Amino acid sequence: MLNLSFLGTYSAKSGQTAIQGFESAKVRALLAYLMLESDQPHSRDHLIGLLWGEGDDIKSAKNMRQALSNLRKTIQDIDPENPFLLIESDTIQANKNNPHLWLDTQVFENLISSCEQHPHRCIETCTACAHRLEKAAQIYRGGFLYGFNLKDSGYFQDWLVARREYFHQKMISVLKHLAAYHQQRREYKIAIRYARRL
């Protein structure tokens with residue numbers, strides 16, 4: 001089981017064991033980007049530009065091949081029936097439907113989406129949605145990829161900042177709803193706890 005947690009500090013585990021072997025921050029960045037942007041395949045040229053910028057094309061392409069090889073080896077992407085990465089000659093896409101993958105950002109968004117689609121009169125009075133939001137709040141350990149930066153990759157940094165803000169705003173909404181839910185139930189200690197976290 002590949003367990004990836006990006007809400008907070010970067011964490012990649014095989015089962016409960018921390019994965020070692022990422023040869024560079026850019027390999028870890030490649031994994032995070034592919035997992036978060038898994039709705040479509042990405043051209044190798046796009047990924048090269050994202051992580052290596054406008055440098056030497058031949059050297060950048062070589063760096064990309066090495067990074068991808070190291071990534072696949074490190075996460076043990078060896079099951080042809082359920083690969084973690086869908087690799088074609090010119091494109092790469094993360095397989096978010098892999099049953100052996102747990103991704104905190106995906107679970108976090110699914111919990112919030114379930115609340116948004118749930119047919120309730122008001123989210124602040126819906127117990128089922130409160131339970132979902134409490135799970136979402138537990139998953140959010142901190143800012144997206146907290147402490148992780150690629151200062152020599154401007155395009156990746158721009159993406160990182162935008163994603164960080166996206167999840168930050170989602171979490172603000174979660175905490176507001178939870179504080180309001182417990183307040184209207186007169187569970188003031190719990191409401192205050194969520195308000196303080198907010």
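Biologist: How many bridges join β4 to β6?

Modeller: Two, and the strands run antiparallel, with β6 covering residues 91-94. This is a predicted model, where local features need pLDDT of at least 70 and side-chain atom pairs count only at pLDDT 80 or more, while totals for chains, interfaces and linings use all residues. Residues are numbered from 1 along each chain as its sequence is written, and side-chain values use heavy atoms, with hydrogens and water left out.

Biologist: What counts as a strand, and as a pair?

Modeller: Strands (E, at least two residues) and helices (H or I, at least four) are DSSP runs numbered from the N terminus. Two strands pair if DSSP finds at least two bridges between them.

Biologist: Which residues of β6 are the bridge partners of His 42 and Ser 43?

Modeller: His 42 has Ile 92 as its partner, and Ser 43 has Thr 91.

Biologist: And how many bridges join β5 to β6?

Modeller: Three, again antiparallel. Leu 86 is bridged to Gln 93, and a hairpin of three residues links β5 to β6.

Biologist: So what's the strand order in the sheet?

Modeller: β4-β6-β5, an open sheet of three strands with antiparallel pairing. β4 (42-43) and β5 (85-87) each have a single partner strand and stand at the edges, so one side of each has no neighbour in the sheet.

Biologist: Which helix lies across β4, β5 and β6?

Modeller: That's α1, residues 25-36, at about 75° to β6. The angle is between N-to-C directions, on a scale from 0 to 180 degrees, with axes fitted to C-alpha atoms, for helices over the stretch in contact; contact means heavy atoms within 4.5 Å.

Biologist: Which residues are closest to its centre?

Modeller: Leu 36, Ser 38, Asp 39, Lys 96 and Glu 109, out of 13 lining residues.

Biologist: Which element gives the most to that lining?

Modeller: α4, with four residues. α4 spans 104-117, and α1 also gives two or more.

Biologist: And the second largest pocket, what's its volume?

Modeller: About 180 Å³. It has 14 lining residues, and Met 1, Leu 2, Ile 75, Gln 76 and Phe 84 are the closest to its centre.

Methods: On a 1 Å grid over the protein atoms alone, a cavity is a set of points where a 1.4 Å probe fits but cannot get out, and a pocket is an open set with protein on both sides within 12 Å along at least five of seven lines; lining residues have an atom within 4 Å of a point. Grid points are joined across faces, edges and corners, and a volume is the space filled by probe spheres set on the points.
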